[in-house]
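Good morning, and thank you for coming. I would ask you to look at the structure on the screen while I speak.

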Amino acid sequence: MVQLAPAPAMDEITFRSNTVLSDVHLYTPNHRHLMVRLNGVGQPVFLSQFKLLWSRDSQTELGAESGDHSDVHAQGTPPGSGCTDEGSSLSPGAGTTSREGAGAQLDEDGDLDVERRPRATSDPDPAEPPRDKVHPVVLAQEEDDGPGDEARDGSALGVIRIEHTMATPLEDVGKQVWRGALLLADYILFRRDLFQGRTVLELGAGTGLASVVAATVARTVYCTDVGVDLLSMCQRNITLNSHLAAPGGGTVKVKELDWLKDDLCTDPEVPFSWSEEDVSDLYAHTTVLFAAEVFYDDDLTDALFKTLSRLAHRFQNACTAILAVEKRLNFTLRHLDVTCEAYDHFRASLQALQRLPDSRLRFVVEPVEASFPQLLLYERIRQLVSLAVGSITHSFPGRSSDSRGSRKSVQGPRGFRS
């Protein structure tokens, strides 16, 4: 006799999906997604271009002092399209992109055309009917290529090139580009004065898009996340866009920063670990933190806010944190309604941060209106939310009032001062 297990209660039913795809890549009309290489764990990697909307009379300098800052508005790019996917066929030592060569390997639907070898004839009496041997074609091997000739000669100063994956398991979502990261990068371009000549820190950098933009004005950018493969992709993107770095500065250091650990890893044997000099510089000079699209899991959200509080206590300067997230709506059986549970937990964590019982440090939260001029080509939807979190110090017993012992006020968003 077979005994059937009782059916679970309705509020215990969950639907799971092991694959996540960013809307930035899903809704890119009229563009082909071409693989440029395989990463260290065998995932296909793609290359996209994100266009900066600089006007000809812009007073902002970007990249090398002799760069020609021209208007780079997309000609023929559909409205709402934030990127163009570029397939690279990189031969060793060439350092250039051959779009025609890559296009010849696509079928009429835009799929990768797989090269097939002749039928195997080594076995005169095969047990099964002969079949074609399929050998996938990798458009470019994984090599530490620097920026191409186009980037080096200054003609790509209006374009950010980012390598990313297209669809990943949930634990690898940092390898994709998300709309919140585009909003954060756009805000950095708008508030260049907040980042000018500063030491800044990005938490959960993912592909490093926001850090690339911050490096156009900041003195030092600490670009942090976890996972060797993700950090390697991030380092590659920093190299691809090194020509955009601010003159006399714009140093980007890719480091591991695990929110679940209290201390930074300083073991020189560990990839992307911290040197003692970097740790000292981080704590002594950082005035801005920023993070985007890292509030999708409640446990990670809690860990991020604990890390934010811990870092603010160790910094010698008051700091401003810029946080960006897309408010995602989901229908849940538990509520039988459309809810934003991850976003609601994020807002509750912000409120808890403001109520922390601390005699020396408190936090002030203010929303950032997404009505500022758009300087990066992407779809700015109303679900995109950005907030500023400013740390304010009251007193520090035993500290002198010099520049090392006091925490200076840091200007945040317009009308907000921490």
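Let me begin with a definition: a charge sits over a ring if NZ of Lys or CZ of Arg is within 6 Å of the ring centre and within 35 degrees of the ring normal. Here, the charged end of arginine 380 is placed over the ring of phenylalanine 372, 4.3 Å from its centre.

This is a predicted model, in which local features need pLDDT of at least 70 and side-chain atom pairs count only at pLDDT 80 or more, while totals for chains, interfaces and linings use all residues. Residues are numbered from 1 along each chain as its sequence is written, and side-chain values use heavy atoms, with hydrogens and water left out.

I turn to pairs of rings. Rings of Phe, Tyr and Trp (its six-membered ring) pair if their centres lie within 6.5 Å; planes under 30 degrees apart count as stacked, over 60 as edge-to-face and the rest as tilted. By this rule there are ten aromatic pairs. In one of them, tyrosine 187 and phenylalanine 190 have ring centres 6.3 Å apart and planes at 50°, so the pair is tilted. These two residues are three apart in helix H4 (residues 179–190), and therefore about one helical turn separates them. Helices (H or I, at least four residues) and strands (E, at least two) are DSSP runs, numbered from the N terminus.

Tyrosine 187 is buried, at 3%, whereas phenylalanine 190 is partly exposed, at 25%.

The rings of tyrosine 283 and phenylalanine 315 also form a tilted pair, with centres 6.3 Å apart and planes at 50°. Tyrosine 283 lies in helix H8 (residues 276–285) and phenylalanine 315 in the loop between H9 and E13, so the pair ties together parts that are 32 residues apart in sequence. Both tyrosine 283 and phenylalanine 315 are buried. Elsewhere, ring pairs join Phe295, Phe305, Tyr343 and Phe346 into a cluster.

Finally, the cysteines. How many disulfides are found in the whole structure? A disulfide is a pair of cysteine sulfur atoms within 2.5 Å, and the search finds zero. The sulfur of cysteine 234 has its closest cysteine sulfur in cysteine 223, at 3.1 Å, which is too far for a bond. Cysteine 234 is buried, with a relative accessible area of 1%, and cysteine 319 is buried as well, at 3%.

Terms used:
Buried means under 20% relative accessible area, exposed over 50%, partly exposed in between (1.4 Å probe, protein chains only).
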